[in-house]
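Subject: Structure for you to look over

Hello,

Here is the structure I promised to pass on. Please open it first, then read my notes beside it.

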Amino acid sequence: MQRATSLEQRIDAIAHRILLGAPSRGARAALVEFSVFVLKQAWACVFGAALLVAIVAARLWYPDDAVLARNDALTITAVLIQVAMLVFRLESGRELWVIVLFHLTGTAMELFKTDVGSWAYAADGILRIGGVPLFSGFMYAAVGSYMVRVHRLFDLGFTRYPWRWATTVLAAAIYLNFFTHHWWWDARWLLLAGVVALWLPTIMHARVWRRTIRLPLLAVFAGVAVFIYLAENIGTWAGAWAYPDQMVSWQPVSLSKLSSWFLLMIISVVMVTWVYPPRPPTAVAAPDTAEGADAALTASAPSDDGSRGAQAPATGVVPAAPEPPRRRRRRRDGAGLPS
């Protein structure tokens, strides 16, 4: 796991010990891979999931006549969640800067969108800027938190990733279009075509446990946008905010918002690449991948002459040439120790 926090390193070590004896082939192996994939995704979503739970809980149980307004309570809860993420080493300080940037860019968009009537929040509480309660910025920060965490939890690598300067220019144009389309031509379909042109050749490599899955990056983008759209339906149902057609009674968010979330997610992806620059997939299989496990097993297994295969050092230094047979027999007992 690249750039893991100290807590994640401990969890990763425990998981390795538990899964060490798991089968590497067959239905049980596939079930293990699927379980690890789901658990990693859940771990990556911990900030957003905690915030969504708080929003739903406020809808179901927070008293309407409480001294502290519901929006203010949600803002305080969001701050506490963010503090807990840092205190319990779920995020690094470096990642926090990206999440703060998500918070600022999201709040700026919220101020504009609520002013032009795209959506609205309940007019209560004092922890707000204009018509925007401060917890709204944390919803954008939750997307950023997921992006940076999933990047390292799955050791993401990419083939044929586009130039970062080109993706940055496109992301800036997407962000600008969220504002300008209210009084000028909406360029979203042109921007969507630009996204397809840039990322169509890109393949994402994500290491689960023993397996590395390879997916077209555009398909991953679309899948994440769908999950954000589903979370948005839960948020509007819980009354966190409402679109104009939801003012009288709640109804599902328009499917047209999928394109908006897809484009907004592109902005998120590009911002994360300036913290975790896209890198090619690891050329050599890791020890806990299927290929790496088989290679490690082969390396440690006795050879035909009774000796044990030498393992490659973790430093990546090219091992020296094999010793003559007579010397190797004298040192047989110390060879092949685990690194």
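A residue counts as buried when its relative accessible area is under 20%. That cut-off is needed for N71, which has a relative accessible area of 1% and is therefore buried. Please keep in mind throughout that this is a predicted model.

**Overall picture**

The protein has 12 helices and five strands. It runs to 339 residues, and 41% of them count as buried. Take the contacts with a separation of 6 or more: 73% of them come from residues 24 or more positions apart.

What does N71 touch, leaving aside neighbours within four places in sequence? The list is A122, D124, R128, P133 and F135.

S145 is the other one to look at. It sits in helix 6, residues 135-153. Its relative accessible area is 1%, so S145 is buried. Not counting residues up to four places away in sequence, S145 touches A44, F47, M85, E91 and I99. S145 and L90 are 55 residues apart in sequence, yet their C-alpha atoms are 10.0 Å apart in space.

**The nonpolar core**

In soluble globular proteins, nonpolar side chains tend to be buried together. Here the largest nonpolar core has 75 residues. Which members touch the most others? They are I174, V195, W199, F221 and F262.

Setting aside neighbours within four places in sequence, W199 is in contact with Y161, P162, T167, L170, L217, L218, F221, I266 and V270.

**Helix packing**

Two packed helices are described by the angle between their axes and the distance between the axes.

*Helix 1 and helix 2.* Helix 1 covers residues 6-19 and helix 2 covers residues 27-44. Their axes come within 13 Å and cross at roughly 165°. An angle over 145 degrees counts as roughly antiparallel, so helix 1 and helix 2 are roughly antiparallel to each other. The crossing of helix 1 and helix 2 is right-handed. From helix 1, the contact uses L7, E8, I11 and L19; helix 2 brings V32, V36 and W43. By class, the residues of this contact are six nonpolar, no polar and one charged.

*Helix 3 and helix 4.* Helix 3 spans residues 46-61, and helix 4 spans residues 70-87. They pack at an angle of about 155°, with axes 10 Å apart. Helix 3 and helix 4 are therefore roughly antiparallel. Their crossing is right-handed. Helix 3 contributes V46, F47, A50, L51, A54, I55, A58 and R59 to the contact. Helix 4 contributes R70, L74, T77, A78, I81, Q82 and M85. The contact between helix 3 and helix 4 holds 11 nonpolar residues, two polar and two charged. F47 and M85 belong to this contact, and S145 touches F47 and M85 as well.

The crossing of helix 5 and helix 7 is left-handed. On helix 5, T105, A108, M109, F112 and K113 take part; they meet Y175, F178 and F179 of helix 7. This contact divides into six nonpolar residues, one polar and one charged.

**Backbone points to check**

Most residues other than glycine have a negative phi. Two arginines in loops have a positive value.

R89 has a phi near 60°. It lies in the loop between helix 4 and helix 5. Its relative accessibility is 44%, so R89 counts as partly exposed.

R160 has a phi near 55°. It is found in the loop between strand 3 (157-159) and helix 7 (164-180). Is R160 buried or exposed? At 56% relative accessibility, R160 counts as exposed.

Best wishes

Key
Residues are numbered from 1 along each chain as its sequence is written. This is a predicted model: local features need pLDDT of at least 70, side-chain atom pairs count only at pLDDT 80 or more; totals for chains, interfaces and linings use all residues. Side-chain values use heavy atoms; hydrogens and water are left out. A nonpolar core is a set of buried Ala, Val, Leu, Ile, Met, Phe, Trp, Tyr and Cys residues joined through side-chain atoms within 4.5 Å. Buried means under 20% relative accessible area, exposed over 50%, partly exposed in between (1.4 Å probe, protein chains only). Contact means heavy atoms within 4.5 Å. Axes are lines fitted to C-alpha atoms, for helices over the stretch in contact, and angles run from 0 to 180 degrees between N-to-C directions. Helices (H or I, at least four residues) and strands (E, at least two) are DSSP runs, numbered from the N terminus. Angles under 35 degrees count as roughly parallel, over 145 as roughly antiparallel, 65 to 115 as roughly perpendicular and the rest as oblique. A crossing is left-handed if the near helix is turned anticlockwise from the far one by less than a right angle, and right-handed if clockwise. Ala, Val, Leu, Ile, Met, Phe, Trp, Tyr, Cys and Pro count as nonpolar, Asp, Glu, Lys and Arg as charged, and the others, Gly among them, as polar.
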